[in-house]
Amino acid sequence: MKVLGIDPGTASCGFGVVVERDGRLLEVCHGVIKTPAGQRMELRLRTIFVAVQELINEHQPDELALEESFVGADPRTALMVGQARGAILVAGSLAGLECTEHSPSRVKQTVAGHGRAGKAEVQRMVQILLSLAKPPTPDHAADALAVAICHMLASPLLKASAR
């Protein structure tokens with residue numbers, strides 16, 4: 001199985017592709033999709049949508065997994081992240097991919113063993129789980145790899161409840 005994991009955001013949208021081979025999880029690629037802060041929202045969303053389509057076309061994942069929005073103190077940021085999630089979900093749907101969302105705490109629990117893991121701990125555990133030479137950077141890309149790992153390690157029951 002090959003999963004495209006996404007850590008949604010409008011300024012920096014992390015992505016990571018993970019594949020399972022012979023019982024091992026391997027990183028295929030990771031990075032971020034960046035959009036300029038001053039750009040109109042519809043153009044930023046189009047950039048994210050097209051980039052996700054390109055990732056899907058290039059890597060042919062079996063499934064797409066993304067992190068659910070964390071609704072913090074800033075409703076405006078939550079709205080913008082929600083719009084990015086919508087663009088990502090539409091790109092995945094148009095490609096015929098099953099799209100599953102996982103909560104940040106579930107991702108951290110699966111990857112680091114507890115739901116309150118910090119960025120550095122998640123990066124280090126992703127490094128270990130994927131046998132990488134160093135922790136993946138930037139942190140948005142590491143988070144996207146963590147989402148893909150979480151999805152691949154989740155039981156079928158957890159995957160069904162995350163939809």
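Start with one pair of residues in this predicted model. Gly-16 has His-30 as its bridge partner in S3. S2 and S3 run antiparallel and are joined over 10 bridges.

Now move to the other neighbour of S2. Strand S1, residues 2-7, pairs with strand S2, residues 12-21. This pairing is antiparallel too, with six bridges. Four residues lie between S1 and S2, and the two strands form a hairpin.

Strand S4 covers residues 63-67 and pairs with S1 in the parallel sense, over four bridges. How well covered is S1? Mostly: five of its six residues are buried.

What holds such strands side by side? Strands of a sheet pair through backbone hydrogen bonds, in parallel or antiparallel fashion. Side chains do something else. In a regular strand they alternate between the two faces of the sheet.

In what order do the strands stand? The order is S3-S2-S1-S4-S5, an open sheet of five strands with mixed pairing. Strand S3 (24-34) and strand S5 (98-102) are at the edges. Each has a single partner strand, so one side of each lacks a neighbour in the sheet. From one strand to the next, the twist averages 20°.

Helix H1, residues 41-59, lies across S1, S2, S3 and S4. H1 runs at about 155° to S3.

Key
Residues are numbered from 1 along each chain as its sequence is written. This is a predicted model: local features need pLDDT of at least 70, side-chain atom pairs count only at pLDDT 80 or more; totals for chains, interfaces and linings use all residues. Side-chain values use heavy atoms; hydrogens and water are left out. Buried means under 20% relative accessible area, exposed over 50%, partly exposed in between (1.4 Å probe, protein chains only). Two strands pair if DSSP finds at least two bridges between them. Axes are lines fitted to C-alpha atoms, for helices over the stretch in contact, and angles run from 0 to 180 degrees between N-to-C directions. Contact means heavy atoms within 4.5 Å.
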